[in-house]
Amino acid sequence: MTSSVPRLVVAAPSSGSGKTTVATGLMAAFAARGLAVSPHKVGPDYIDPGYHALATGRTGRNLDAYLCGPELVAPLFLHGARGCDLAVVEGVMGLYDGAAGQGELASTAHVAKLLRAPVVLVVDASSQSRSVAALVHGFASWDPEVRLGGVILNKVGSDRHEELLREALDSSGVPVLGVLRRVPQVDTPSRHLGLVPVAERRADAVDAVAAMAAQVERGCDLEALSRLAGSAGPLPDVPWEAPVGAAGRRAVVAVAGGPAFTFSYAEHTELLTAAGAEVVVFDPLRDERLPEGTAGLVIGGGFPEVYAAELSANEPLRRDVAELALSGAPVAAECAGLLYLCRELDGRPMCGVLDATARMSERLTLGYRDAVAVGDSALAAAGMRMRGHEFHRTVVEPGAGAAPAWGVTAPVRRVEGFVQQGVHASYLHTHWAARPGVARRFVERCRTS
């Protein structure tokens, strides 16, 4: 089977160049023209896909060659892009920046090659004129397998500035497909881990996405960009599918959501459902009880540190979570979920499932991790290897329980996380599509616990 979904990869020389503004604006502008647009993000970022979903009305999905392996990038893309007219893939960091010490692995360039997709380079032109040609030439010639199909000049100051930039790029062989001026209202607020998620500022986020779309509509050649997307090569792969689990009663799996827990991969819910779960989303900020019949609990990432007072004040739910964990029911907690299960977070009482405390830290912990399951748990059999990602400014003390969740093998050998009764809690964000057996194992434990 081959697929020729028209697609573009939006990249940049470095972070902060305007990739998110351009990619989200393109998604919204094409969607406004009546196209079904499939939104994607390179890497483990959870926040940008929320803006992409707002722009397109479709689930934002991640493409991560490190967490899932290069072989799953095209199938996961085709799964998300099924039935769409066009796909826009927002890159990560600089075009050629990937996993540390791993060459091109998980870089935007790597994903573009795996998708056989043309790249549009977003250049922050605010402090240059003729030098832009040297920069674009370097990015276009660095890897001949990466097809740089055009440039969008961002933060252009004036008509004269635009003229100088276009003159410089005339001889580069890379067409200018858009010129965007400085527009303050497109800016979106950030804090310690990046943009503020859509769930925390939905009305303002709607306005921001509309402003991005208007700016892109004014400044970009959408027809040329559409033609470029149509030039992507066919993909000889079949779409990824969540494997169906064994027949049996459906188990209610409660999944934490709402503004405090916004970090989740769409495939996790799809895997749980296919494995036989009835997934019910609840909001720990507002709901005082777990969903009726809850047999298992999944608490992903997010910002519990921002909402520590509200989470702590919801004592009935904290008690419900603790009772579920004490019963031996499967509980899977990643990063924010780990903090929520601790005795306290920044001095405020949390669920008390784990004999550990959590606090904010000045230090950013960030990077990919190679890990192996130390012992059997609701998620993994001892010895199962998994790749994960850490991204937090908090510290949990102690960092591991008597039965750790993972032995991290790279970049530094250590043990991490907690396994006790049915609880598996860890700082590592993982992508279950890489190990579909994780969801099946979890649901089976929900059925039998």
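A residue counts as buried under 20% relative accessible area, as exposed over 50%, and as partly exposed in between, with a 1.4 Å probe and protein chains only. Helices (H or I, at least four residues) and strands (E, at least two) are DSSP runs, numbered from the N terminus. Keep in mind that this is a predicted model, where local features need pLDDT of at least 70, side-chain atom pairs count only at pLDDT 80 or more, and totals for chains, interfaces and linings use all residues. Residues are numbered from 1 along each chain as its sequence is written, and side-chain values use heavy atoms, leaving out hydrogens and water.

Let's begin with helix H9, residues 266-274, whose buried residues are Ala266, Glu267, His268, Leu271 and Leu272. An α-helix has 3.6 residues a turn, so residues three or four places apart point the same way. Just past H9, Gly276 adopts a positive phi of about 115°.

Next, find strand E18 (residues 406-410). Two strands pair if DSSP finds at least two bridges between them. E18 runs antiparallel to E16 (residues 357-373), joined by 4 bridges, and Trp406 in E18 stands opposite Ala373. E18 is also antiparallel to E19 (residues 414-416), with 3 bridges; here Val408 has Arg414 as its bridge partner.

Now zoom out. The protein chain holds 13 helices and 22 strands, and 59% of its 449 residues count as buried. Its C-alpha trace spans about 70 × 45 × 45 Å along the principal axes.
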